[in-house]
Amino acid sequence: MSDADLLFKALADKGRRKLLDRLYAQDSQTLSELCRHLAMTRQGVTQHLAVLEAASLVAVQRRGREKLHFLNPVPLQQIYDRWIYKFEKPRLKALSSLKRRLEGGQG
Amino acid sequence: MRAAGRSRFVYVIYIRSTPQKVWKALTDSKFIRQYWFGMDIQSAWKKGSPWKMTLPDGMPTDTGKILEIEPPKRMVIHWQHEWQKDIKAEGPGRCTIELKKVQASVRVTITHEINRPKSKLIEAVAGGWPLILSNLKSLLENGKIAVKDHPRH
């Protein structure tokens with residue numbers, strides 16, 4: 001499966017998006033902490049985290065015996081670069097030429 | 001964040017390249033200016049040497065020094081922001097960059113941390129790194145950057 005396939009597959013599940021939301025609200029959590037506020041079994045959370053990690057949306061760091069989970073937004077940035085930026089480009093160009101004119105350049 | 005009194009993030013990107021090429025792109029001004037939205041970084045890249053990030057006009061935004069360096073695997077930078085007063089007042093943070101060969105790719109891991117809760121430095125750099133890493137990946141894999149003028153820059 002390509003990187004993009006793994007990424008969109010990971011995002012296509014409500015439970016996994018919820019996990020990303022939990023990590024966005026509070027980064028650096030253990031499995032037990034992530035399980036605490038979710039209506040999912042520990043095993044379910046473990047499986048979802050594995051899919052998120054394979055898509056690189058979650059990064060894991062070991063600190064002693066603990067395994068800490070971090071939200072990794074870099075693949076989302078790549079979606080932005082690939083799918084959103086090109087549609088924003090004309091607006092950005094207009095803004096930067098407005099800025100140049102207002103600041104006294106040649107626009 | 002979880003650990004009391006600390007703010008930290010961990011970002012990861014896989015780049016289809018070699019550790020040597022990624023390392024060069026992270027330490028060579030010619031490369032840096034291409035994917036870092038015109039910013040430049042200057043350092044001798046030796047343990048203890050000063051490190052400085054500057055705007056295109058040469059004004060420094062961040063300074064520091066190299067705490068650890070082991071090309072092409074790992075470096076730790078002592079990172080002091082200089083530009084915005086409230087962020088500067090937080091004092092220095094640490095940025096660790098690790099490269100690891102994984103099959104035909106390099107896994108780049110950036111850990112940026114500071115010993116204080118709810119840090120503005122960490123919030124500020126957390127917004128910048130994804131753009132920079134994504135551009136770096138495009139530059140190394142396709143020879144050109146994806147995003148030139150970013151709305152947040």
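What radius of gyration would a compact globule of 153 residues have, and what is the value for chain B? A compact globule with 153 residues would have a radius of gyration near 15 Å, and chain B, at 15 Å, agrees with this; the radius is taken over C-alpha atoms, and the globule rule is 2.2 Å times the number of residues to the power 0.38. The structure is a predicted model, in which local features need pLDDT of at least 70 and side-chain atom pairs count only at pLDDT 80 or more, whereas totals for chains, interfaces and linings use all residues. Residues are numbered from 1 along each chain as its sequence is written, chains are lettered from A and ligands numbered from 1 in the order in which they are written, and side-chain values use heavy atoms, with hydrogens and water left out.

The C-alpha trace of chain B spans about 40 × 35 × 30 Å along its principal axes. Chain B contains 4 helices and 7 strands (DSSP runs, H or I of at least four residues for helices and E of at least two for strands, numbered from the N terminus), and their order along the sequence is β-α-α-β-β-β-β-α-β-β-α.

Between the chains, 25 residues of chain B are in contact with 25 residues of chain A, contact meaning heavy atoms within 4.5 Å. The area buried between chain B and chain A is about 2000 Å², with 52% given by carbon and sulfur atoms; buried area is the accessible area (1.4 Å probe) that two parts lose on being put together, summed over both. On the side of chain B that touches chain A, the elements giving two or more residues are strand E1 (7-15), strand E7 (105-114) and helix H4 (120-142) of chain B, and the largest share, 7 residues, comes from E1(B).

Chain A is divided into domain 1 (1-72) and domain 2 (74-107), with bounds from an automatic or database domain assignment, and the centres of the two domains, taken over C-alpha atoms, are separated by 32 Å. In chain A, 7 residues of domain 1 are in contact with 5 residues of domain 2, and the two domains bury about 470 Å² between them, 80% of it on carbon and sulfur atoms. Within domain 1 of chain A, the residues that lose the most area to domain 2 of chain A are A:Leu7, A:Phe8 and A:Asn72, which together account for 67% of what that side buries.
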